Amino acid sequence: MATSGFKHLVVVKFKEDAKVDEILKGLENLVSQIDSVKSFEWGEDKESHEMLRQGFTHAFSMTFENKDGYVAFTSHLLHVEFSAAFTAVIDKIVLLDFPVAAVKSSVVVTP
C-alpha cells in the first residue's frame, strides 16, 4: 500500500439561511486559482438515512500532491479570505486531513 497524495475532507451542515449555490461557486473558483489543489470533488447527500447523516448534507474533498501542497493551500490569501465566508454559513463541520493510503485507484467513468 503506497501513499498517494494528501487529502482534505470536509463534511458540513449549512445554516438554514446559507446561500449554498454561492458557496459552491466560490469553492470552485477558489480551487481553480490555487495550483496546489490537484483535484476537487464535492457532493450533496441524497441517499443516506437521516439518522446516519446526523444533519450533515455536503462533502468536499481536495487532493494535494503532498502535505506541503496542503499547507500552501491553507495559508494562501484566497483560502484565508474564503474560509471566513465559509465558516460564517456552517452549522456543523467535520474536517479530516490525512496522507492517502492508496489501496485501489479511482477510475473515471465517462457516459
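These legends describe close-up views of one predicted model. Residues are numbered from 1 along each chain as its sequence is written. In this predicted model, local features need pLDDT of at least 70 and side-chain atom pairs count only at pLDDT 80 or more, while totals for chains, interfaces and linings use all residues; side-chain values use heavy atoms, with hydrogens and water left out.

View 1. An unreviewed UniProt entry lists residues 6-98 as "domain: Stress-response A/B barrel". UniProt positions are given in the numbering used here, feature names are shortened, and annotations may be inferred rather than shown by experiment. The end C-alpha atoms of this span lie 6 Å apart. Its content is 42% helix and 35% strand. Helices (H or I, at least four residues) and strands (E, at least two) are DSSP runs, numbered from the N terminus.

**View 2. Phe86 and its aromatic partners.** A search of the whole structure finds 6 aromatic pairs. Rings of Phe, Tyr and Trp (its six-membered ring) pair if their centres lie within 6.5 Å; planes under 30 degrees apart count as stacked, over 60 as edge-to-face and the rest as tilted. Phe14 and Phe86 have ring centres 6.3 Å apart and planes at 85 degrees, so this pair is edge-to-face. Phe14 sits in strand S1 (residues 2-14) and Phe86 in helix H4, 72 residues apart. Phe60 and Phe86 also form an edge-to-face pair, at 6.0 Å centre to centre and 80 degrees between the planes. Phe60 belongs to strand S3, 26 residues from Phe86. Phe60 is buried at 3% relative accessible area, and Phe86 is buried at 11%. Phe14 is buried too. Buried means under 20% relative accessible area, exposed over 50%, partly exposed in between (1.4 Å probe, protein chains only).

**View 3. A ring cluster.** Ring pairs join Phe6, Phe64, Tyr70 and Phe73 into a cluster.

**View 4. Helix H3 against helix H4.** The axes of H3 (residues 67-75) and H4 (residues 77-88) come within 5 Å and cross at roughly 60 degrees. That makes H3 oblique to H4. Axes are lines fitted to C-alpha atoms, for helices over the stretch in contact, and angles run from 0 to 180 degrees between N-to-C directions. Angles under 35 degrees count as roughly parallel, over 145 as roughly antiparallel, 65 to 115 as roughly perpendicular and the rest as oblique. Phe73, Thr74 and Ser75 of H3 meet Leu77, His79 and Val80 of H4 (contact means heavy atoms within 4.5 Å).

**View 5. Gln54 in a loop.** Gln54 lies between helix H2 (50-53) and strand S3 (58-64). Its phi is near 55 degrees, a positive value in a residue other than glycine. Gln54 counts as exposed, at 53% relative accessibility.
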